[in-house]
Amino acid sequence: MTDTLDPEEAKAAQIERGRLLFAQSCIFVAGAATEEMLPDLALNEVAFAGRSNVGKSSLINALTNRNTLARTSNTPGRTQQINFFELGGRLSLVDLPGHGYAKASKEKIDIWTDLVNSYLKGRPKLRRVCLLVDARHGLKVTDREVMDMLDGSAVNYQIVLTKVDKSNQDELKSVLEKTKTELAKRPAAHPDIGLTSATKGYGIEDLRAELASLAEEIGE
Ligand code: GDP
């Protein structure tokens with residue numbers, strides 16, 4: 001005989017698992033600016049990508065209840081680095097360098113593309129990439145380029161809208177509909193879209209819950 005939880009109880013239990021996981025210590029373990037520097041890590045992994053200024057540091061800090069985690073290792077001038085954090089011994093959080101910076105030179109874009117492609121091709125434990133998109137703007141050309149890379153590497157990814165506090169309901173609805181239509185044509189895209197505001201705390205516990213479902217199981 002199996003005990004089945006009703007959907008609300010199951011959701012509450014998953015939210016609690018997310019809360020507990022993200023209440024654990026989160027430590028910086030490595031930064032990689034080249035393919036050779038990419039670390040081999042044992043844990044399941046979730047990566048965060050997004051255009052510069054999308055609110056990626058703010059979201060990672062909100063998820064982990066820290067003010068400075070995503071910035072500590074992001075020293076100016078070294079933004080082309082992939083940063084690896086370990087959360088509670090159960091999940092690696094990976095902060096990919098921001099893309100789509102308007103003033104980036106072709107050389108910088110090529111370095112970014114090579115680094116991120118090397119990362120995506122060599123991560124057997126990578127369970128998901130959260131592609132952060134500003135809720136006011138929706139998907140941009142450079143986001144689509146990243147989605148092409150993710151589809152090409154068969155890496156499961158999910159769109160997470162950021163800064164939803166800056167949009168009204170109608171704007172948000174329209175961006176959501178357009179984004180959903182585009183995702184339907186993308187083989188590696190997760191159909192659900194996250195809605196978050198790091199400053200207001202909106203959607204953070206749901207995202208924690210979702211990511212906790214991708215973490216290593218707790219050992220007996
Ligand atoms: P990153 O470059 O993607 O790491 O972006 P940051 O986290 O540094 O955020 C860029 C700017 O957006 C900063 O001025 C943040 O204060 C602001 N920001 C980030 N998240 C939110 C949010 O949820 N709501 C609002 N209103 N502003 C945000």
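I took contact to mean heavy atoms within 4.5 Å. The model I consulted is a predicted one.

**Entry: F48**

I looked up F48 and located this residue in strand β2, residues 45–50. I then checked its accessibility: F48 counts as buried because its relative accessibility is 0%, and the cut-off for buried is under 20%. Next I listed the contacts of F48, leaving aside its neighbours within four places in sequence. The partners are K56, I60, L63, L93, V94, D95, L96, C130, L132 and L211. I also looked up the separation of F48 and I204, which lie 156 residues apart in sequence and 14 Å apart in space, C-alpha to C-alpha.

**Entry: helix α2**

I turned to helix α2, residues 56–63, and noted that seven of its eight residues are buried, so the helix is largely enclosed by the rest of the structure. I recorded the buried residues of α2 as K56, S57, L59, I60, N61, A62 and L63. After α2 I found N65, with a positive phi near 60°.

**Entry: aromatic pairs**

I consulted the search of the whole structure for aromatic pairs, which finds two. I then compared accessibility: F28 counts as partly exposed at 39%, whereas F85 is buried, with a relative accessible area of 1%.

Conventions
Residues are numbered from 1 along each chain as its sequence is written. This is a predicted model: local features need pLDDT of at least 70, side-chain atom pairs count only at pLDDT 80 or more; totals for chains, interfaces and linings use all residues. Side-chain values use heavy atoms; hydrogens and water are left out. Helices (H or I, at least four residues) and strands (E, at least two) are DSSP runs, numbered from the N terminus. Buried means under 20% relative accessible area, exposed over 50%, partly exposed in between (1.4 Å probe, protein chains only). Rings of Phe, Tyr and Trp (its six-membered ring) pair if their centres lie within 6.5 Å; planes under 30 degrees apart count as stacked, over 60 as edge-to-face and the rest as tilted.
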